[in-house]
Protein chains: 2
Amino acid sequence: MALIVAVDKPLSITTIQGICREADGIKTGLPTLVEAGTRWMLDAAKACKGIRVLDLKLADIGPVMVRTVEPFLGVYDTFIAHSFVGSKGALEDLKNEVERVGGRLVLVASMSHPGATEVYDESARHILSVIDKVDPWGLVAPATRPQIIEMLRRRYPRKAILSPGIGAQGAKPGEALCAGASYEIVGRRITGSPDPVGEARRVRVEQYEKLSNCKP
Amino acid sequence: MALIVAVDKPLSITTIQGICREADGIKTGLPTLVEAGTRWMLDAAKACKGIRVLDLKLADIGPVMVRTVEPFLGVYDTFIAHSFVGSKGALEDLKNEVERVGGRLVLVASMSHPGATEVYDESARHILSVIDKVDPWGLVAPATRPQIIEMLRRRYPRKAILSPGIGAQGAKPGEALCAGASYEIVGRRITGSPDPVGEARRVRVEQYEKLSNCKP
C-alpha cells in the first residue's frame, strides 16, 4: 500500500511518529505553516522516517520559490509546485536547487475542485509540455478524477503520482491506486480522528481490499 | 505617485513605519513568512497605515486558501491569488471570505519571467474569463510587459492594477504607471538599500519624472 498522510494541523510530534510508522510519509502545507510556524514544520519532518512532502503549492518566479524552500532543504525531501508557472526562470531554478541537495520536485498536473476545469484542464496540452521539459520526480493528480491518473500513468510510466482527494473530497481509499497512482494522500479522515494512528491503519486495510479488486 | 514596497525580508518595524510614510503601502510574501513567521507578518502590517498586501500567491482549493488567510484577515487588507485555479470551489470561496471582513482580492493576470509564456500567456483567454467571473478588486501584471498592462487597463478601466518587476527585474519606475498600472511594486532596490526610506522617496521622484513624460 502507499499512503501519505496530509498533516493539516499541528499534531503532536509523538502522533506524527506513530503516523509515519503506519504510513509511507507525511505532507504538510501552507495553512499549517501559517498556524504552527517554520520550526514546527521542521520538527514534524524530522520526526518522520518516511517521505516528507512540503506542499506550499509554489507558484512564483524562480528566485522567490528558491528562497521559500531554502530553510526546508535537507529536512523535507519532496517539494510540490504548480506546473502552471512554466520552466524558464521558474521551475527549472526550483528543480536545480531542490535536486542539488538530493530533494525531489513534484508538479501539480491537475486539481480536484470544480474550478480545475476552468483553466487547468483547458491548458492540459501546455501543462504536459512543461512537465516534459522540467521532468520532475513526481506529479499530483486528483483521486476524484481517475481518468486523469490513468492518462498520466500511460504517459509517464516511471514518475511517482501523488493523489489527494480521498475521504472528505469524495474518493475512496484504493481507487487512485487502482487507476495508477503511486501514493494516496489522506488528510482530514486521519488527522480529524480521535485515533489518527489507528485510522491510518484502517485506511491501509481499505486500500488493500480495494486494490485486490481493481477492475482490469 | 503610487508605490507599494515589497518587504522581502524582515526589516525592523521602525523601518516599515518609515517606508509606509513614503509609499502607499507594503506587500509581504511567502519567503518572508517562512523566515520571520506569522507574528512578524502581522506586526509588519499593523505598523503600516497604507495598503497591506499579503502575497502568498495562493493557488489551492477553496478550503485550503481560506484557512491560509484566516489569521491575516482584518490586519492585511489585500490578498493575492492565482487566477489559474479557477472560480468554483476555489477563488469564489476565497473572495467571499476576504470580502466578508472588508478585504480585497487581487488576481495574478500575468507574470514577469520567461516561463510565463509557456502556460500563463497561452491560457490568456481562460484567465480573463476567470477574472470576469470572480470580479476581483485588482490584478497583478508585470511592469516588464507594458503591453499586457495596457490591454488589461482597456478591458478593466476600474480595477486596480499592481505591477511588479521594477528594478532588479528590469523595468524602470513610472513605466508601468504610464502603461496604466495603479501601483508599482518595488522590492530589492528599496529593501536592499542602506537607507530604505530615502530610497523609497527617490523611487517616487523617478516615478514622477517618468509619468510627466508618458508617451501618449
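Guide: What follows covers the chain contacts, the disulfides, one serine and some salt bridges.

Visitor: Before that, what kind of model is this, and how is it numbered?
Guide: This is a predicted model, in which local features need pLDDT of at least 70 and side-chain atom pairs count only at pLDDT 80 or more, while totals for chains, interfaces and linings use all residues. Residues are numbered from 1 along each chain as its sequence is written, chains are lettered from A and ligands numbered from 1 in the order in which they are written, and side-chain values use heavy atoms, with hydrogens and water left out.

Visitor: How many residues of chain A and chain B are in contact?
Guide: On chain A there are 43, and they meet 44 residues of chain B. Contact here is heavy atoms within 4.5 Å.

Visitor: And how much area do the two chains bury between them?
Guide: About 3,500 Å², with 63% of it on carbon and sulfur atoms. Buried area is the accessible area (1.4 Å probe) that two parts lose on being put together, summed over both.

Visitor: How many residue pairs are in polar contact between chain A and chain B?
Guide: The count is 21 residue pairs, both residues at pLDDT 80 or more. A polar contact is a pair of N or O atoms within 3.5 Å; within protein, one must be able to donate a hydrogen and the other to accept it, and residues adjacent in sequence count only if both atoms are side-chain atoms.

Visitor: Which parts of chain A supply the side that touches chain B?
Guide: Helix H2 (30-46), strand S3 (51-58), helix H3 (62-69), helix H4 (87-100) and helix H5 (124-134) of chain A each give at least two residues. H2(A) gives the most, with 7 residues. Helices (H or I, at least four residues) and strands (E, at least two) are DSSP runs, numbered from the N terminus.

Visitor: What is that side of chain A like by class?
Guide: It has 20 nonpolar, 14 polar and 9 charged residues. Ala, Val, Leu, Ile, Met, Phe, Trp, Tyr, Cys and Pro count as nonpolar, Asp, Glu, Lys and Arg as charged, and the others, Gly among them, as polar.

Visitor: How many salt bridges are there between chain A and chain B?
Guide: There are 6, a salt bridge being a side-chain nitrogen of Lys or Arg within 4 Å of a carboxyl oxygen of Asp or Glu. One of them joins A:Lys57 to B:Asp60, with the closest N and O atoms 3.2 Å apart. A:Arg67 and B:Glu35 also meet in a salt bridge, at 3.4 Å from N to O. That pair runs from helix H3 of chain A to helix H2 (residues 30-46) of chain B.

Visitor: Switching to cysteines. How many disulfides over all chains?
Guide: The structure holds 4, counting cysteine sulfur atoms within 2.5 Å as a disulfide. In chain A, A:Cys20 and A:Cys48 are bonded, with sulfur atoms 1.9 Å apart. A:Cys20 lies in helix H1 (residues 13-22) and A:Cys48 in the loop between H2 and S3 of chain A, so the pair ties together parts that are 28 residues apart in sequence.

Visitor: Are A:Cys20 and A:Cys48 buried or exposed?
Guide: Both A:Cys20 and A:Cys48 are buried. Buried means under 20% relative accessible area, exposed over 50%, and partly exposed in between (1.4 Å probe, protein chains only).

Visitor: What about A:Cys178 and A:Cys214?
Guide: They form a disulfide with sulfur atoms 2.0 Å apart, and the link is left-handed, with -90° about the S-S bond. A:Cys178 is partly exposed at 27% relative accessible area, and A:Cys214 is partly exposed at 28%.

Visitor: Where is B:Ser83?
Guide: B:Ser83 is in the loop between strand S4 (78-82) and helix H4 (87-100) of chain B. B:Ser83 is buried, with a relative accessible area of 0%. Not counting residues up to four places away in sequence, B:Ser83 touches several residues, including A:Val119, B:Leu91 and B:Tyr120.

Visitor: Back to charges. Which residues does the salt-bridge network link?
Guide: The network links A:Arg189, A:Asp195, A:Glu199, A:Arg202 and A:Glu206. Elsewhere, A:Glu22 forms a salt bridge with A:Arg201, the closest N and O atoms being 3.0 Å apart. A:Glu22 is in helix H1 and A:Arg201 in helix H9 of chain A, so that pair ties together parts 179 residues apart in sequence.
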